[in-house]
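Here is a friendly walk through one protein chain. Have a look at the sequence and the structure, and then let us go through what can be read from them.

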Amino acid sequence: MIDWIPVVFVTFKVLVFGTCMFFAVKWHYDQDKKHTDKRALLVTAAKLGVVFLVALALLLWLTFALAKHLGMDLTLP
């Protein structure tokens, strides 16, 4: 049972961050809909998505590094 805790937490974190990013991009798009170039919006959204994925990968790596440092066994069965 304890082996599923990281899977559940990471999945929850991805869902929460993904939902928040969707609504943040949607809100900004709705606010500036009249004056925004769609190409610039897509480029900005892509850049934010890449930054988010890099930050998520870094956080995941740091989490596993800390867990390994604390002596947790992270091998798959």
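A search of the whole structure finds 1 salt bridge, meaning a side-chain nitrogen of Lys or Arg within 4 Å of a carboxyl oxygen of Asp or Glu. Side chains of opposite charge can pair when their charged atoms come close. The partners here are Asp30 and Lys26, whose closest N and O atoms are 3.0 Å apart. Both residues sit in helix 1, 4 residues apart, which is about one turn of the helix.

Before going on, please note that this is a predicted model, where local features need pLDDT of at least 70, side-chain atom pairs count only at pLDDT 80 or more, and totals for chains, interfaces and linings use all residues. Residues are numbered from 1 along each chain as its sequence is written, and side-chain values use heavy atoms, with hydrogens and water left out.

| Residue | Relative accessible area | Class |
|---|---|---|
| Asp30 | 40% | partly exposed |
| Lys26 | 41% | partly exposed |
| Val14 | 35% | partly exposed |

Val14 also belongs to a nonpolar patch on the surface, together with Val10, Leu60, Phe64, Leu66, Leu70, Met72 and Leu74. Such a patch joins nonpolar side chains (Val, Leu, Ile, Met, Phe, Trp, Tyr) within 5 Å, from residues with over 30% relative accessible area and no salt bridge. Its accessible area is about 680 Å² together, computed by the Shrake-Rupley method with a 1.4 Å probe. Helix 1 (5-31) and helix 2 (38-69) each give two or more residues to the patch, and helix 2 gives the most, with 3 residues.

Now for the whole chain. The protein chain has 2 helices and 0 strands, which are DSSP runs (helices: H or I, at least four residues; strands: E, at least two) numbered from the N terminus. Its radius of gyration is 17 Å, well over the 11 Å that the globule rule gives for 77 residues, so the chain is more spread out than a compact globule. That radius is taken over C-alpha atoms, and the rule is 2.2 Å times the number of residues to the power 0.38. Along the principal axes, the C-alpha atoms fill a box of roughly 55 × 20 × 20 Å. Of the 77 residues, 5% count as buried. The chain exposes about 7,100 Å², with carbon and sulfur atoms supplying 75% of it.

Conventions. Buried means under 20% relative accessible area, exposed over 50%, partly exposed in between (1.4 Å probe, protein chains only). Patches are made of residues with over 30% relative accessible area and no salt bridge: like charges are joined within 9 Å, nonpolar side chains (Val, Leu, Ile, Met, Phe, Trp, Tyr) within 5 Å.
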